[in-house]
Amino acid sequence: MKNDQEHAILAVHGRGLDGMCAGCRAWWSRLAPYPCWQVEWATSRQARTSVARFLGGVR
Ligand SMILES: [Zn+2]
């Protein structure tokens, strides 16, 4: 299972000094409150992956 995309998103989309997403501003000159929807997506994907890994390890 590849999660490079999530890592890339989380690496770029950080909280800016003013509380807005720095990645969205750098990539699209768009102001989005942090965490933006891309961070939400990446973190939810990572959570699902780790839960699946945990359940797989138990079984
Ligand atoms: Zn963002």
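Trainee: Among contacts in the chain between residues at least 6 apart in sequence, what share joins residues at least 24 apart?
Mentor: That share is 36%, with a contact meaning that two C-beta atoms, placed from the backbone, lie within 7 Å. This is a predicted model, where local features need pLDDT of at least 70, side-chain atom pairs count only at pLDDT 80 or more, and totals for chains, interfaces and linings use all residues. Residue numbers start from 1 along each chain as its sequence is written.

Trainee: Which residues is V39 in contact with, leaving aside neighbours within four places in sequence?
Mentor: V39 touches I9, L10, H13 and Y34.

Trainee: And which residues make up the largest nonpolar core?
Mentor: V39 again, along with C21, C24, C36 and A42, five residues in all. Such a core joins buried Ala, Val, Leu, Ile, Met, Phe, Trp, Tyr and Cys residues through C-beta atoms within 7 Å.

Trainee: How much of the chain counts as buried?
Mentor: Of its 59 residues, 12% do. Buried takes 20 or more other C-beta atoms within 10 Å of a residue's own, exposed 12 or fewer, and partly exposed falls in between.

Trainee: Switching to W37, is it buried or exposed, and why?
Mentor: W37 counts as exposed because it has 11 C-beta neighbours inside 10 Å.

Trainee: Where does W37 lie?
Mentor: In helix α3, residues 37-58. Its C-alpha atom is 14 Å from that of Q5, 32 residues away along the chain.

Trainee: How many helices and strands are there?
Mentor: Three helices and zero strands, taken as DSSP runs numbered from the N terminus (helices H or I, at least four residues; strands E, at least two).

Trainee: What does the C-alpha trace span along its principal axes?
Mentor: About 45 × 20 × 15 Å.
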